[in-house]
Amino acid sequence: MSHLESIASSAVRAAIKVKASAIICFTSSGRAARLIAKYRPTMPVLSVVIPHLKTNQLKWSFSGAFEARQSLIVRGLFPMLADPQHPAESMSATNESVLKVALDHGKASGIIKSHDRVVVCQKVGDASVVKIIELED
């Protein structure tokens with residue numbers, strides 16, 4: 001089992017044990033979210049695709065929309081495109097703002113309610129982190 005697959009398996013198992021209402025997965029290629037969906041969690045998986053904004057001095061290119069669209073065909077995944085100004089590899093303060101946007105999107109769509117538990121799977125530097133968040137009002 002690869003490192004990313006073991007993280008995905010642990011995220012699903014933790015979500016089932018704590019009776020989480022959703023799993024939020026930060027990804028840039030969509031692979032981590034697909035691996036989480038492979039283990040068929042009973043709760044929805046909110047896949048936050050972090051786009052990359054690149055330039056070659058003549059034109060700008062934007063990657064991430066294709067990956068979010070491809071996630072639509074996977075069972076249980078609800079993709080969401082994040083703001084390109086917040087790269088995934090930046091400091092934790094920016095990750096917290098993207099997490100807040102993802103939680104607000106989940107609340108608006110009815111997936112997440114107040115006082116629910118949410119499992120967050122993200123990459124911080126070189127380490128992959130699975131954390132459990134209990135929401136407040």
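Modeller: Here are some notes on the fold and on one proline.

Modeller: This is a predicted model, where local features need pLDDT of at least 70, side-chain atom pairs count only at pLDDT 80 or more, and totals for chains, interfaces and linings use all residues. Residues are numbered from 1 along each chain as its sequence is written, and side-chain values use heavy atoms, with hydrogens and water left out.

Biologist: How many helices and strands does the chain have?

Modeller: There are 4 helices and 7 strands. These are DSSP runs, numbered from the N terminus: helices are H or I with at least four residues, strands are E with at least two.

Biologist: And in what order do the elements run from the N terminus?

Modeller: The order is α-β-α-β-β-β-α-β-α-β-β.

Biologist: Now P41. Where is it found?

Modeller: P41 sits in the loop between helix 2 (31-38) and strand 2 (45-49).

Biologist: Buried or exposed?

Modeller: P41 is buried, because its relative accessibility is 6%. Buried means under 20% relative accessible area, exposed over 50%, partly exposed in between (1.4 Å probe, protein chains only).

Biologist: What is P41 in contact with, neighbours within four places aside?

Modeller: V12, I23, I36 and R75. Contact means heavy atoms within 4.5 Å.

Biologist: How far is P41 from H52 in space?

Modeller: They are 28 Å apart, C-alpha to C-alpha, and 11 residues apart in sequence.

Biologist: Back to the whole chain. What share counts as buried?

Modeller: Of its 137 residues, 38%.

Biologist: What box do the C-alpha atoms fill?

Modeller: Roughly 50 × 40 × 30 Å, along the principal axes.
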